[in-house]
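Please look at the model shown here and read the report alongside it.

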Amino acid sequence: MAETTYFPRYLILGGAMLSGVLLALAVHMLGARYGLDLGGLWRSDTHEFMPAGAAIAWWLIATVGFSGGYFTTNLMQSAVSGQVPRRMRQFLIVVGVLILAGAGQAASAPSSVSTASAVLAGLAALCLGAVMAFCGAYFALRKT
């Protein structure tokens with residue numbers, strides 16, 4: 001019977017954080033295309049305290065970053081021992097490519113938001129995605 005081997009914890013943590021951040025940024029770009037933009041926090045033309053689209057975008061980016069880090073950690077731990085079926089790997093590759101291609105297409109479209117607001121929103125999404133991806137990966141690593 002073959003021994004179960006494990007990736008080093010730092011490799012799993014780094015890979016899961018990278019995956020979570022990429023997914024969070026992809027969701028940020030796709031959400032901005034459909035009006036769910038963090039840049040609404042810095043707009044002065046609205047009379048509301050906080051636009052609902054900005055709040056939904058904040059929670060959506062945080063959820064995707066956390067779950068991306070958590071599920072990537074679990075997949076990396078099961079992949080090293082060969083427990084991920086071939087069809088599942090192919091499905092995950094296709095989904096990842098489609099999400100990143102959609103985000104690239106959404107990012108290339110002209111934006112109605114000012115450049116400074118878009119940069120601040122991108123940096124906020126990057127930081128939020130990184131923190132939440134780390135938390136998701138850390139909790140998944142503590143479980144094992």
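How many nonpolar, polar and charged residues are in the lining of the largest pocket? The lining has 17 nonpolar, 6 polar and 1 charged residues, where Ala, Val, Leu, Ile, Met, Phe, Trp, Tyr, Cys and Pro count as nonpolar, Asp, Glu, Lys and Arg as charged, and the others, Gly among them, as polar.

This is a predicted model, in which local features need pLDDT of at least 70 and side-chain atom pairs count only at pLDDT 80 or more, while totals for chains, interfaces and linings use all residues. Residues are numbered from 1 along each chain as its sequence is written, and side-chain values use heavy atoms, with hydrogens and water left out.

Two helix pairs can be set side by side, with axes as lines fitted to C-alpha atoms over the stretch in contact and angles running from 0 to 180 degrees between N-to-C directions.

| Helix pair | Axis angle | Axis distance |
|---|---|---|
| α1 and α3 | roughly 45° | within 8 Å |
| α2 and α4 | about 35° | 7 Å |

α1 and α3 are therefore oblique to each other, since angles under 35 degrees count as roughly parallel, over 145 as roughly antiparallel, 65 to 115 as roughly perpendicular and the rest as oblique. Contact means heavy atoms within 4.5 Å, and among the residues that meet are Leu22, Leu23 and Ala26 in α1 and Ile99, Leu100 and Gly102 in α3. By class, this contact of α1 with α3 has 10 nonpolar, 1 polar and 1 charged residues, whereas the contact of α2 with α4 has 14 nonpolar, 7 polar and 1 charged residues.

Terms used: Helices (H or I, at least four residues) and strands (E, at least two) are DSSP runs, numbered from the N terminus.
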